[in-house]
Amino acid sequence: MSRFSRIHRNERGAALILSLLVSIAVAAMALGAIMVASGAGITTKFTAREAQMQAAANGGLEMIRDSVNHGNFDSLLPLNGFTTLLTNQPVVDAYGATIPRTTRSLYVGRTGGRTGGAATAGQYGSNFASALSVIRDDRGAVAARRLLMSQESWSKFAVAINDWPGSAMYGCNESINGPFHSNDVLRLWPSCNPKIVFAGKATVVGTVQNQVSGNFTAGLQTGVAPIDWPTPARIALMKQFAVDADAVNGDYDLLSPTIGSHTPGLRIEFLYIDANGDGISQWDEGYMRVWESANTSDSALAYATGRRWPSVPGGTTYSQDPNMVSRNCGAQVRMNGTVGWFTARQIYDSALAYGSASNARDATRWALSRGVTGTRRSPLDNVPPTDARCYLGGDPELYASTHGTGLTPPPAVTNVAGSHEMGSWRARRTGPHSSVSARADAAYLIPLGKNPNYKGVIFVTGDVAISGRLRGRTSVFATGNIVLADDLLYTIPAGTQCDAEGDIFGAIATLNVIISDNNVQLPFRINNTWYGGFDDTPADEQYNMFFLAAGDGTSGKGNFFTTGLAGVPGPQPVSGYRLNSGSSNATALAEECGGARAGCIRITGGLAMGKVEYYTFSQSTSSNSWGFAEAHAYDKCGLVNPPPYFPTTGRFIENRYYEVDPVWLNDKGIANYFAEIRAQ
């Protein structure tokens, strides 16, 4: 017992040590909890401060966008440099209270387009701008945010109208396949059943006439604010971007011999050429060639756009045989023992040399009508003609030396003094481009994408006719009329590739956009009977494009219409084309589309009209229905990647946001930063 008691007494200090250890552990845990709580508080404060600074930066970006949208964006967005809106100014919160120890600086400037440089993508120089908001506090913290803004393009609309003063209406069989906007009213035909379909949202500043005739599947909003319409002065600014650095006022800055005419003396034909021969269509394999009339005589202008010939020989009348001696139309025949493709003028002159004027008329009629009308006359052999066709002026198919080759005929062939002074294809000013140097006609092929200086803009002072097959991204601006002389198609189908390597085209006219009533697109009389099928697409005229006919607010300007009146030589600014006398051959009847005797026009893209005073088709139950029926389709690429420099609404919208490293920004400097993003 005494031993046990002694041992027990020796362990009384262990409890004290254990208590001390437990106390230390508890204290450490408490201290740790205090430290964690303190760190969390500091982190929370830092996170809250960071969020506050980022919110202040984002708020500054919206202040910039609002300033640009509601002010004069030209003054805020110089072509070079940037604008400082605020420098180290106090920041207020949503309640108007000043945030302590915080300042904000705001900057805005233009941003380059897809291929680099200050002017590659849109609104009168650039349709991109960047807003930069920098927030600082007194402890040295900095938050920097950038907003890339893009201007809303008029190509976002399937149909856009500025002024609708006339009585033209949408017919019951029509439809609008994308967004619609009118700065004026919207007129619909009464009591339509089925209704006129508006597949996209419709916005109208004024009212809708006969609204019950419309089926607005994506909604209708009336009483909206008007959108600023592009002015001729704005369009004129595009000339600076059509200058090729290799040749001032060169291949893309063109002067037309006419202005305000429906028969231009200048026409542009677009071509796709597989330049490297690999069988694959690249985005930069687009070219164009430019035809210039020798003068402004009726014959030279009629030849350029394939219009009915302005004069006919004795013994016939213009209303009976407007193309008796046409240099644009002809057929494959055997003449003087030689099989070849000959124009009506060649056939007439050759037959006249063998006999009377009556013989010459019969020979020409027989050839153009594929042997149906008239009697074969010398020097034509008794072999039915084939391939009766009409072509625009200068087409390789019109000349024996280039027929069937596709090669551009030289001036020595197209502009022969004393016999055929019609005009010539314009040679490239800096010589043949290396990509097509192996072709015999390389001198006349002007590259688009393969020229690194090409900005996507072709500027025409005056009127221009357009046609062909486009490869690439291009816009034509004209201070006069743009005339649709024949089909204009993309190489890559419209709406299938909206990126930088797809095809898209803009046609922007200060005056009007006009469908040419020429031999290529419309029937014409042969011996007082209507014949058609003189085009490769007899039922339809197809135009892949977004067009804008700006006008200047006065009557007769800013319209989209067809010129011409059957039996009357020369251009007529009337509302369509009428087959109002004479019988019709089956070939002419085959051109009908939706009751329209001239066929259908199919614009795949978008239509923007400064005025609606004329229309392309007047429906009638009689055989005198006239004009083109409209069967348009919307190309969604106009919304996401508009044609180069296509006029915009002036409204900037958010594109994307960027975090900017404030240390890097401080080292680079604001001026250098804007210079860098302007070149992207």
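**View A. Phe198 is a buried ring.** With a relative accessibility of 0%, Phe198 counts as buried, and Phe216, at 16%, counts as buried too. "Buried" here is under 20% relative accessible area, "exposed" is over 50%, and "partly exposed" is what falls in between, using a 1.4 Å probe and protein chains only. The model is a predicted one, where local features need pLDDT of at least 70 and side-chain atom pairs count only at pLDDT 80 or more, while totals for chains, interfaces and linings use all residues. Residues are numbered from 1 along each chain as its sequence is written, and side-chain values use heavy atoms, with hydrogens and water left out.

**View B. Phe198 and Phe216 make a stacked pair.** Searching the whole structure turns up 21 aromatic pairs. In this one the ring centres of Phe198 and Phe216 sit 4.7 Å apart with the planes at 20 degrees, so the pair is stacked. Phe198 belongs to strand β9 (residues 196-198) and Phe216 to strand β12 (residues 214-216), 18 residues apart. For pairing, rings of Phe, Tyr and Trp (its six-membered ring) need centres within 6.5 Å; planes under 30 degrees apart are stacked, over 60 edge-to-face, and the rest tilted. Strands (E, at least two residues) and helices (H or I, at least four) are DSSP runs, numbered from the N terminus.

View C. Phe546 is in strand β32 (residues 540-549) and Phe646 in the loop between α10 (637-640) and β40, so the pair ties together parts 100 residues apart in sequence. Phe546 has a relative accessible area of 0% and is buried; Phe646 is buried as well, at 2%.

**View D. Helix α12 has a buried face.** Along α12 (residues 670-678), the buried residues are Ile670, Tyr673, Phe674, Ile677 and Arg678. Viewed down the helix axis they fall within an arc of 130 degrees, so they line one face of α12; the arc is taken from the directions from the axis to the C-beta atoms. The cover over these residues includes β2 (98-111), β3 (128-137), β4 (142-153), β40 (648-660) and α11 (662-668).

**View E. The largest pocket has a volume of about 920 Å³.** Its lining takes in 37 residues, with Met169, Tyr170, Gly171, Glu174 and Glu630 nearest the centre. Elements giving two or more lining residues are β5 (159-163), β6 (175-176), β35 (600-611), β36 (617-618), β38 (629-630) and β39 (633-634), and β35 gives the most, with four. A pocket is an open set of points, on a 1 Å grid over the protein atoms alone, where a 1.4 Å probe fits, with protein on both sides within 12 Å along at least five of seven lines; lining residues have an atom within 4 Å of a point. Points are joined across faces, edges and corners, and the volume is the space filled by probe spheres set on them.

**View F. Asp552 sits in the loop between β32 and β33 (560-562).** At 43% relative accessibility, Asp552 counts as partly exposed. Asp552 lies 6.7 Å from Thr231, C-alpha to C-alpha, although the two are 321 residues apart in sequence. Leaving out residues up to four places away in sequence, Asp552 touches Pro232 and Lys557, where a contact is heavy atoms within 4.5 Å.
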